[in-house]
Amino acid sequence: MTTIDFQSQLQDVHAQINQACLQANRNFQDVQLLAVSKTHPVSAISEFYQLGQKAFGENYLQEALEKIEHLKDLEIEWHFIGHVQRNKTKHMAEKFAWVHGVDRLIIAERLSNQRPENLQPLNICLQVNIDDQDSKDGCAPDEVAELVEKISRLPNLKLRGFMVIPKPEHVEAFTTTKQLFDQVEQYHAQPEHWDTLSMGMSADMAEAIQAGSTMVRVGTALFGARDYSD
Ligand SMILES: *Cc1c(COP(=O)(O)O)cnc(C)c1O
């Protein structure tokens with residue numbers, strides 16, 4: 001059995017983020033690390049938690065809900081980064097701090113309506129299909145203005161930014177996303193909330209940071225390879 005040294009993996013990812021920030025002339029504090037724990041056990045999540053990592057991202061709702069229940073004594077900030085199905089919004093509104101895969105108004109409306117009163121507003125990223133992939137979720141770039149105008153007015157949400165998953169090797173898409181991101185303040189009802197660019201994964205975090213990412217979503221480089229792919 002091989003054991004992965006989580007401490008050195010975490011240090012290595014921090015070093016990569018730091019190096020990318022230096023090259024881009026940006027502050028290390030301005031790029032958050034979201035640890036993508038899908039398919040990995042709760043024991044691995046609590047190990048990273050003990051090492052100081054507090055934000056975790058999950059893709060599959062049922063799996064996520066079980067982990068959240070198991071780890072409810074830890075102060076984890078849970079992010080849902082998978083595809084959001086319309087009939088699953090209630091659990092997301094109740095159990096997560098962030099939802100990154102919002103790409104339709106109806107989904108945002110449901111999340112806002114279902115967010116419990118006693119919780120902080122739910123943080124939202126609008127997923128944009130930035131390089132026009134047939135297979136990918138996300139709204140089209142030309143739908144962004146209207147969606148931002150409407151979603152940013154919903155009461156129990158904070159519309160924070162974009163989430164993108166460009167095609168592998170298509171790093172120019174990060175720059176295109178940043179340009180679109182910078183134009184949004186004029187449509188946003190509360191532009192002071194618009195501060196997050198969720199882009200970059202294990203293989204392309206440096207390029208994403210170079211283009212202006214503020215949150216990299218890293219799975220493999222922290223936890224090792226997943227047994228099954230999505
Ligand atoms: C799985 C996943 C990641 C992490 O990918 P790695 O290549 O393992 O770092 C990031 N974002 C989303 C949306 C994912 O589904």
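1. Overall size comes first. In this predicted model, the protein chain of 230 residues has a radius of gyration of 17 Å, which agrees with the value near 17 Å for a compact globule. That radius is taken over C-alpha atoms, and the globule rule is 2.2 Å times the number of residues to the power 0.38. Along the principal axes, the C-alpha atoms fill a box of roughly 50 × 40 × 35 Å.

2. A word on the ground rules. Residues are numbered from 1 along each chain as its sequence is written.

3. Now the folded elements. The protein chain has nine helices and eight strands, defined as DSSP runs (H or I, at least four residues, for helices; E, at least two, for strands) and numbered from the N terminus.

4. On burial, 48% of the 230 residues count as buried, meaning under 20% relative accessible area with a 1.4 Å probe, protein chains only. Strand E1 (residues 32-36) is largely enclosed by the rest of the structure, because four of its five residues are buried.

5. E1 also has two partners to look at, where pairing needs at least two DSSP bridges between the strands. With strand E8 (residues 215-218), E1 pairs in the parallel sense over four bridges, and Gln-32 has Met-215 as its bridge partner there. With strand E2 (residues 55-58), E1 pairs in the parallel sense over two bridges; here Val-36 is partnered by Gly-57.

Note on methods
Predicted model: local features only at pLDDT ≥ 70, side-chain atom pairs only at ≥ 80, totals over all residues. Heavy atoms only, no water. Buried < 20%, exposed > 50% of the residue type's maximum accessible area, 1.4 Å probe, protein only.
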